[in-house]
Amino acid sequence: MTVTAERALEQAHRLTKELPDGPLAGVPIPIKDLNLVKDVPIMFGSSTYRGFVAPVDDTVVERLREAGTVMLGKTATPEFGLPCYTETALSPPSRSPWDPRTSAGGSSGGAAAAVAAGLAPAAQGSDGAGSIRIPASVCGLFGIKPTRGRISFAPIIPDLAGLSTNGPLARTVADAAALLDVMAHNNPGDLYLAPPHEGTFLACAGRDPGRLRIARYARRG
C-alpha cells in the first residue's frame, strides 16, 4: 500500500552499528495499513483517509522496531478491515501468489500476499473474525490469532466486543511464534489482559506435544 524505502534503509543502517538481541533483529516485517506508524500515511483501506499521516506509533509497532525489525512499508487491507477479501479503490486487489486468479483473502490479504510472494519472511496482521486465518489458509502460510489481551492495541481503543487482535503471519510455525514473542505486550489502560504465558512461544513451537487426544460432544435428542 505504501513503500517506505528511505525509512527501511535508515533502520538497516542503524542496525549495522547496534543490532539488538533476538531472532528478528534485521528481519524485514511490513505493517498492516490498519496500524499507526508515526509520520507514515495510513488509509485504513478507505479513500476517506487519503492524505492522513499517523501522528504516533501503535505500541506493537514500537515493539517490532525495538526488536530490530525493518519496516518495508504498509500492506493493503480492505476498507476498515471489514471484508474477507482485500479489494479497494486505493490499489489493485491482493491476489494469492500461488494463483493470481484467486484472492489473497482478508483483511490481512496484503500481508499474506507479501509473505507468500517472498517480499518479506513474515508480517504483522490483525484478526477479528478470520482476518489473519483466512489469508493464511489461501496463501499457504501459518497465521495465529492470539488470545484476547495478549497484544495491546494501544493507543487505539479496540472494538468493545474484543474480537480484534494483532497477530503474526509467516511461512513456518517457528517464525510465527518468534514474531508473536516480540508482539506480545500490555499497556496501562488496556481493556483486556491475557493470562501470563510462561517461557516463549518459540520454545513451545519446538516442544514435543506428547500424546494427543480428540474430544467430541454428543447429545441425544
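Which residues lie nearest the centre of the largest pocket? In this predicted model, select Leu34, Phe80, Gly81, Phe153 and Ser164, which hold that position.

**Stop 1: the pocket**

Keep those five residues selected and extend the view to the rest of the lining, which comprises 26 residues. Sorted by class, the lining has 13 nonpolar residues, nine polar ones and four charged ones. The space in this largest pocket comes to about 520 Å³.

**Stop 2: Asp127 and Arg133**

Clear the selection and turn to the salt bridges, of which the structure holds six. Select Arg133 and Asp127, and show their side chains: they form a salt bridge with an N to O distance of 2.9 Å. Asp127 counts as buried because its relative accessibility is 1%, under the 20% cut-off.

**Stop 3: Asp99 and Arg101**

Next, select Asp99 and Arg101, whose side chains also meet in a salt bridge, at 2.9 Å from N to O. Look at the Arg101 end: with a relative accessibility of 73%, this residue counts as exposed, since the class begins over 50%.

**Stop 4: Glu87 and Arg95**

Finish with Glu87 and Arg95. The N to O distance in this salt bridge is 3.7 Å, so the pair falls within the 4 Å limit. Glu87 is partly exposed at 39% relative accessibility, and Arg95 is partly exposed too, with a relative accessible area of 32%.

Key: Residues numbered from 1 in each chain as written. Predicted model: local features only at pLDDT ≥ 70, side-chain atom pairs only at ≥ 80, totals over all residues. Heavy atoms only, no water. Buried < 20%, exposed > 50% of the residue type's maximum accessible area, 1.4 Å probe, protein only. 1 Å grid on protein atoms, 1.4 Å probe; cavity = no way out; pocket = protein on both sides within 12 Å on 5 of 7 lines; lining within 4 Å. Points joined across faces, edges and corners; volume = space filled by probe spheres on them. Nonpolar A, V, L, I, M, F, W, Y, C, P; charged D, E, K, R; others polar.
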